[in-house]
Amino acid sequence: MTQPAIPRPRKAPVQARSAATVEAILEAAAHILENEGFDGYTTNAIARRAGVSIGSLYQYFPNKDAVTAALVMADAARLHDDVHAAAEATAGEDFQAQLNALIDVVVAHQLDRPDLARLIDVEERRLATDPALAAKDASVLVLIRDLLVAHRIRLPFDLDSVARDLFGMVHGMCDFAGDHGETDPAQLKARIRHAVLSYLGVPAS
């Protein structure tokens with residue numbers, strides 16, 4: 001079955017003022033999703049919340065789905081950048097310290113704005129697969145592979161399979177927690193850490 005085309009922005013902002021307008025539109029969309037859900041999520045409501053005319057919104061986004069797709073992509077980009085920053089900040093530390101830092105980032109991303117994260121997850125699944133999103137996932141998979149290799153972790157399966165399993169495990173547990181309204185980050189981090197270490201056969205320190 002052929003997937004629908006990804007809704008794209010009409011144009012990318014070039015000047016600082018244009019970038020600020022797009023940022024205001026995306027934050028307005030996030031605010032509405034977070035506080036009103038899909039019922040109040042319209043292009044008119046987004047423009048009103050952003051303080052721009054509906055014509056200005058349509059200069060950048062042809063429809064509501066294009067706004068949503070841009071919001072999903074911006075969210076994925078933030079998570080990608082935060083994960084890589086955490087890996088860089090803990091470079092040289094032991095495996096469990098680096099693992100904890102990465103789990104902290106993913107859990108914070110899910111639970112800092114849990115209602116928004118849950119609805120973005122819904123929209124990400126609804127929209128067609130975006131190659132740019134897939135590229136960010138692939139970049140994180142490379143990071144996980146490199147972490148396992150650098151620390152010479154004995155793997156229960158081949159490296160690529162283990163990296164994918166760990167990626168799916170952390171994201172799946174976070175998404176499921178968000179879907180069920182969990183709000184305790186410490187408890188969720190502990191469960192994810194236990195699951196990852198148990199899968200790898202690494203004793204908890």
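How many salt bridges does the rule find across the interface of domain 1 and domain 2? Let's get to that by way of the overall layout.

First, a word on what we're looking at. This is a predicted model, where local features need pLDDT of at least 70 and side-chain atom pairs count only at pLDDT 80 or more, while totals for chains, interfaces and linings use all residues. Residues are numbered from 1 along each chain as its sequence is written, and side-chain values use heavy atoms, with hydrogens and water left out.

Okay, the overall picture. The chain has nine helices and zero strands; helices here are DSSP runs of H or I with at least four residues, strands are E runs of at least two, and both are numbered from the N terminus. The C-alpha trace spans about 55 × 40 × 30 Å along its principal axes.

Domain 1 covers 14–62 and domain 2 covers 64–200, with bounds that come from an automatic or database domain assignment. Their centres, taken over C-alpha atoms, are 27 Å apart.

Helix α4 takes up residues 64–89. With 26 residues, α4 reaches 37 Å from its first C-alpha to its last, close to the 38 Å expected, and that expected span is 1.5 Å times one less than the number of residues. At the start of α4, a side-chain oxygen of N63 comes to within 3.2 Å of the backbone nitrogen of D65.

So how do the two domains meet? Contact here means heavy atoms within 4.5 Å, and 17 residues of domain 1 are in contact with 13 residues of domain 2. The area buried between them is about 1,300 Å², with carbon and sulfur atoms giving 74%; buried area is the accessible area (1.4 Å probe) that two parts lose on being put together, summed over both. On the domain 1 side, E34, F38 and Y41 lose the most area to domain 2, together 42% of what that side buries.

Back to the opening question: the rule finds two salt bridges across this interface. A salt bridge means a side-chain nitrogen of Lys or Arg within 4 Å of a carboxyl oxygen of Asp or Glu. Keep an eye on R113 here. R113 forms a salt bridge with E34, at 2.7 Å from N to O. That pair links distant parts of the chain, 79 residues apart: R113 sits in the loop between α5 (95–111) and α6 (114–126), and E34 is in helix α1. R113 also forms a salt bridge with E27, where the closest N and O atoms are 3.4 Å apart.

Which elements give two or more residues to the side of domain 1 that touches domain 2? They are α1 (16–36) and α2 (43–50), and α1 gives the most, with eight residues. The residues on that side divide into 11 nonpolar, four polar and two charged. For that tally, Ala, Val, Leu, Ile, Met, Phe, Trp, Tyr, Cys and Pro are nonpolar, Asp, Glu, Lys and Arg are charged, and the others, Gly among them, are polar.

One last stop: R49, in helix α2. Not counting residues up to four places away in sequence, R49 touches A28, H31 and I32.

How values were computed:
Polar contact = N/O pair within 3.5 Å; in protein donor to acceptor, adjacent residues only side chain to side chain.
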